[in-house]
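Subject: Handover of a structure

Dear colleague,

Please find below the structure that I am passing on to you. My notes on what was found in it follow.

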Amino acid sequence: MRRILFNGKFLSAPPTGVHRVAEEMIRAIDRRLDRNADLAATVLHPRDAIRRLSLAHIPPRQIGNLTWLAWEQADLPRLAGPGTLVNLCNLGPIVRRDAVTMIHDAQVSETPASYRPAFRTFYKAIQPIIARRHRAILTVSDYARRALIHHGIANDAHVVLNGCDH
């Protein structure tokens, strides 16, 4: 049986547009899971999750004691267990190789003044590492795919459009 593990770090923060995409994609997969007996999925989240997803087939599971980025980089890869880790909110643990990560855009490189220096530096450092190590990079449009390549964030990316509700 194939096992999918969703990175639920986003459940620890008030929702943003990126978080909404993650929620809707997980909900869409949940609606189709009963048709695929060869696939099991879980949403892994840190102890400080403030939101829950109402899902029929994908159970939540709290793991670890850390929070936010420390949880994502240390607890999540160490405690997740076997399976493909799916990260839908721009980041994922750099040590995990069996992972798929959605990087929504290259805005940190295209409009750097819009971000605080520490945030910008962190994203510019970690995203190319993620893109090299993870099995696949997803993005939301062909424009975003070209921007990720142009700015050296990824060598390529698969386009997955945001309209998963239909």
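**Findings**

Trp-68 is found in helix 2, which covers residues 68-79. Please note that this is a predicted model. The backbone of Trp-68 has a positive phi of about 45 degrees, although this residue is not a glycine. Trp-68 counts as partly exposed, because its relative accessibility is 36% and that class lies between 20% and 50%.

Trp-68 is also among the contacts of Lys-9. Lys-9 is placed in the loop between strand 1 (2-7) and helix 1 (17-33). Is Lys-9 buried or exposed? Its relative accessibility is 8%, so Lys-9 counts as buried, the cut-off being under 20%. Leaving aside residues up to four places away in sequence, Lys-9 touches Leu-44, Pro-46, Trp-68, Leu-69, Trp-71, Glu-72 and Leu-91.

A positive phi is also found at Asn-90, where the angle is about 80 degrees; this residue is not a glycine either. Asn-90 lies in the loop that runs between strand 4 (84-87) and strand 5 (99-102). Because its relative accessibility is 11%, Asn-90 counts as buried.

Strand 6 (residues 136-139) continues the arrangement towards strand 7 (residues 158-159), with which it runs parallel over two bridges. Here Leu-138 stands opposite His-158. Strand 6, helix 5 (residues 142-150) and strand 7 together make a right-handed β-α-β unit.

Which faces of these strands are covered? In a regular strand, side chains alternate between the two faces of the sheet. In strand 5, Ala-99 and Thr-101 point one way while Val-100 and Met-102 point the other way, and all four are buried. Strand 6 is likewise covered on both faces: Ala-136 and Leu-138 are buried on one side, and Ile-137 and Thr-139 are buried on the other.

**Cavity**

How many cavities of 30 Å³ or more does the structure hold? A search of the whole structure finds one. The largest cavity holds about 40 Å³ of space. Its lining consists of Leu-11, Val-43, Arg-52, Leu-53, Leu-55, Ile-58 and Pro-60. By class, six of the lining residues are nonpolar, none is polar and one is charged.

**In brief**

With kind regards

Definitions and conventions. Residues are numbered from 1 along each chain as its sequence is written. This is a predicted model: local features need pLDDT of at least 70, side-chain atom pairs count only at pLDDT 80 or more; totals for chains, interfaces and linings use all residues. Side-chain values use heavy atoms; hydrogens and water are left out. On a 1 Å grid over the protein atoms alone, a cavity is a set of points where a 1.4 Å probe fits but cannot get out, and a pocket is an open set with protein on both sides within 12 Å along at least five of seven lines; lining residues have an atom within 4 Å of a point. Grid points are joined across faces, edges and corners, and a volume is the space filled by probe spheres set on the points. Ala, Val, Leu, Ile, Met, Phe, Trp, Tyr, Cys and Pro count as nonpolar, Asp, Glu, Lys and Arg as charged, and the others, Gly among them, as polar. Buried means under 20% relative accessible area, exposed over 50%, partly exposed in between (1.4 Å probe, protein chains only). Contact means heavy atoms within 4.5 Å. Two strands pair if DSSP finds at least two bridges between them. A crossover is right-handed if, with the strands pointing away from the viewer, the path from the first strand over the helix to the second runs clockwise.
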